[in-house]
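Morning, everyone. I have one structure to walk through today. Let me put it on the screen.

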Amino acid sequence: MFLAVHFTQPPEWRWYILGYFFFAGLAGGCYALGAMLRLFGRPSDESAARLCFLLAFPLLLVCPVLLSIDLGQPARFWHMMYDTGVGGPALNFKSWTPMSLGVWGLLAFGVFATISFLEVVALDGRYRYPLSGAVAKVVVGPVARLVNVVGTVFALFVAAYTGVLLSVSNQPVWSDSYALGGLFLASGLSGAAALVTLFRRWRPTAEASDAAVAEADGYFALLELAIIAVLFVTLGFAGQLVRAISAPWFVLWIVAILSLLPPLAGRFRSGVVVSPAGTAALARMGVAANVATATIVLVGVLALRAAVIWSAQG
Amino acid sequence: MAQAKGFFTDTSVCIGCKACEVACKEWNQLKGDEPHFLADSFDNTGKLDAENWRHVKFIEPSSLTAATTVGDGQAWLMMSDVCKHCQHASCLEVCPTNAIVRTEFDTVFIQQETCNGCRNCISACPYGVIGFSQTTGTVHKCTLCYDRLQNDMTPACAKACPTQSIQFGNLTDLQAAADKRLGQLHQVGYSNAQLYGRDNTVYGGLNAFFLLMDKPQVYGLPTGESAALPSRNNVGGYLGGVIAAALALIGGMIAIRRRREPPAVEARPPAAEPETQPVGSRAGGGDGR
């Protein structure tokens with residue numbers, strides 16, 4: 001990196017793109033976390049893993065909607081995948097352009113997220129759809145593991161590539177650091193852990209994984225904090241740090257960094273020992289604290305992306 | 001392919017009349033933006049965008065790094081800015097729809113029927129040339145009057161320029177003319193005069209290149225390491241993501257696997273708290289898949 005000089009115009013990527021980055025990070029993070037719980041965890045982690053897969057799918061569904069709405073010509077979304085111009089007709093795939101790669105990555109992740117969602121719906125047995133039943137019959141044993149492993153690769157890609165997309169530009173801040181991809185990935189995983197904590201109220205059996213999710217979130221938050229430090233150092237070398245953290249964006253950075261404190265402090269950990277006889281109130285306080293801290297983490301995930309997106313575009 | 005065409009803009013003879021802006025708008029049927037008072041010398045166009053494909057920059061002495069004198073005073077610099085039609089075009093590189101193409105005249109052109117308005121090219125263009133139109137939902141920039149070129153006509157701006165500051169023609173002819181003009185200026189003492197984009201040091205060479213009277217940065221033109229393609233960050237960006245993913249997976253694995261050990265509460269003497277259990281240790285839900 002070097003002292004960068006930029007004369008670019010901002011692309012005016014605002015709320016829809018912020019929303020897309022947020023949901024893509026959470027969807028990818030949820031899927032990856034679910035796969036980790038299923039592949040590395042004990043049998044009692046299966047419930048939390050299923051919760052992750054159940055969350056990843058609807059979160060992912062929001063993404064193409066937001067992406068399309070942000071386009072100047074939403075009905076031409078498919079032009080991302082199919083060349084209708086003088087170079088066509090042909091499929092569009094530009095591996096050196098994260099936006100092109102990302103569209104295909106999103107599509108591939110969508111396939112795996114859908115399969116895992118249908119599988120979990122069938123396994124849970126709450127709803128009986130022929131399609132989910134058929135998927136569950138095929139996706140068993142090693143096939144299920146393979147689906148989760150390959151799906152995780154695409155999930156992590158979707159969570160990270162949005163940061164790389166910003167870097168592969170000539171915009172100030174974005175193009176002055178290699179850290180954005182990793183930063184969005186770590187943040188997405190942390191947000192996913194928070195989301196699981198938030199939603200496991202409606203899936204009591206997932207409580208068995210609370211400690212694991214909390215500890216994992218601690219690692220994700222630590223990683224995110226380290227990457228923020230790397231980002232600031234590289235932006236400093238490029239002479240863009242002041243721009244990135246100037247008013248009013250520093251507020252968003254403060255929110256993003258403060259939101260990492262609860263997972264770092266292990267606040268999600270349900271280590272309190274309670275007696276079934278008389279400490280229900282204490283348990284309720286624990287749940288309330290978990291909801292509050294998970295919400296703070298999610299706000300931080302949003303604030304981080306907003307700080308990155310907005311500060312570069314002034 | 002036809003011979004490569006381009007512009008040679010000699011800023012030393014630009015008088016800031018804006019005839020190029022007007023001619024461009026007229027031929028390309030650009031409405032222009034609502035006029036604003038920009039408090040920026042004689043400039044009320046501001047920047048290149050979807051409605052302004054030519055923009056005459058006025059650079060006052062306070063911005064200059066080298067003294068460009070005329071008579072007893074310092075001269076302002078004026079420059080009719082335009083899309084550079086780069087040989088290695090950042091916009092063309094990142095366009096995910098392949099709407100941005102190179103024409104038979106070796107110019108860079110946006111196919112309006114293919115563009116979907118993602119604006120990735122705007123974030124990539126190092127010159128701030130491309131603008132998004134709310135009216136069409138697509139991005140626009142100078143086409144080097146592609147329709148006029150197809151009919152063997154000179155682009156509107158070059159046709160209208162009263163001082164020959166904007167010259168149009170075959171690229172090789174323009175380069176020769178630029179070299180000659182630079183020699184003349186150096187001969188009469190304008191040692192700061194330099195060509196920008198004439199050779200391949202900036203984006204592989206520019207089809208719309210300039211003769212400048214000061215450093216390129218003064219005109220808002222990147223040089224050296226700042227004049228780089230967006231794809232330079234691909235490897236570093238993805239590598240950063242891969243390293244973060246590996247560390248996150250290791251962290252997650254450690255966190256999840258560590259609990260395979262018996263929980264601490266089970267190791268307690270039975271008599272201490274026989275009826276207690278951790279909040280998070282109730283039902284496990286899995287089927288062991």
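Start with B:Asn98. Is B:Asn98 buried or exposed? Buried, because 24 other C-beta atoms lie within 10 Å and the cut-off for buried is 20 or more. Keep in mind that this is a predicted model.

Now the backbone at that position. B:Asn98 has a phi near 60 degrees, a positive value in a residue other than glycine. Most residues other than glycine have a negative phi. In chain B, the loop between helix 2 and strand 6 (100-102) holds B:Asn98.

Chain B has a second case. B:Asp152 is not a glycine either, and its phi is positive, about 60 degrees. Find B:Asp152 in the loop between helix 4 (146-150) and helix 5 (156-160) of chain B. Buried or exposed, this one? B:Asp152 is exposed, because its C-beta has 7 others within 10 Å and 12 or fewer counts as exposed. So we have a positive phi at a buried residue, B:Asn98, and a positive phi at an exposed one, B:Asp152.

Step back to chain B as a whole. Seven helices, 13 strands. Chain B has 289 residues, and 44% of them count as buried. Take the contacts in chain B between residues at least 6 apart in sequence: 62% join residues at least 24 apart.

Next, domains. Chain B splits into domain 1 (5-228) and domain 2 (229-265). How far apart are the C-alpha centres of domain 1 and domain 2 of chain B? The answer is 46 Å. Across that boundary, six residues of domain 1 of chain B contact four residues of domain 2 of chain B. On the domain 1 side, helix 2 of chain B gives the most, with three residues. By class, that side has three nonpolar residues, two polar and one charged.

On to the interface between the chains. 70 residues of chain B contact 83 residues of chain A. Which helices of chain B each supply at least two residues to the side that touches chain A? They are helix 2 (90-94), helix 3 (120-124) and helix 7. Helix 7 of chain B has the largest share, 18 residues. The class count for this side of chain B is 28 nonpolar, 31 polar and 11 charged.

Zoom in on helix 7 of chain B, residues 234-257. Helix 1 of chain A, residues 15-40, packs against helix 7 of chain B at about 45 degrees, and the axes are 10 Å apart. That angle makes the pair oblique. The crossing of helix 1 of chain A and helix 7 of chain B is right-handed. From helix 1 of chain A come A:Leu33, A:Met36, A:Leu37 and A:Phe40; from helix 7 of chain B come B:Gly252, B:Met253, B:Ile256 and B:Arg257. This contact has six nonpolar residues, one polar and one charged.

Last stop, the prolines of chain A. Most peptide bonds are trans. A:Gly88 and A:Pro89 are joined by a cis bond, omega about 0 degrees. A:Pro89 lies in the loop between strand 1 (82-83) and strand 2 (90-91) of chain A. A:Ala247 and A:Pro248 are also joined by a cis bond, with omega about 0 degrees. A:Pro248 sits in the loop between helix 8 (241-245) and helix 9 (249-258) of chain A.

A:Pro58 is within helix 2 (residues 46-70) of chain A. A:Pro58 is partly exposed, with 13 other C-beta atoms within 10 Å. From A:Pro58 to A:Ala113 is 55 residues in sequence, but 9.2 Å in space, C-alpha to C-alpha.

Note on methods. Residues numbered from 1 in each chain as written. Chains lettered and ligands numbered in written order. Predicted model: local features only at pLDDT ≥ 70, side-chain atom pairs only at ≥ 80, totals over all residues. Axes fitted to C-alpha atoms, helices over the stretch in contact; angles between N-to-C directions. Helix = DSSP H or I, 4+ residues; strand = E, 2+ residues; numbered from the N terminus. Parallel < 35°, antiparallel > 145°, perpendicular 65-115°, else oblique. Left-handed = near helix turned anticlockwise from the far one by under 90°. Contact = placed C-beta atoms within 7 Å. Nonpolar A, V, L, I, M, F, W, Y, C, P; charged D, E, K, R; others polar. Domains from an automatic or database assignment.
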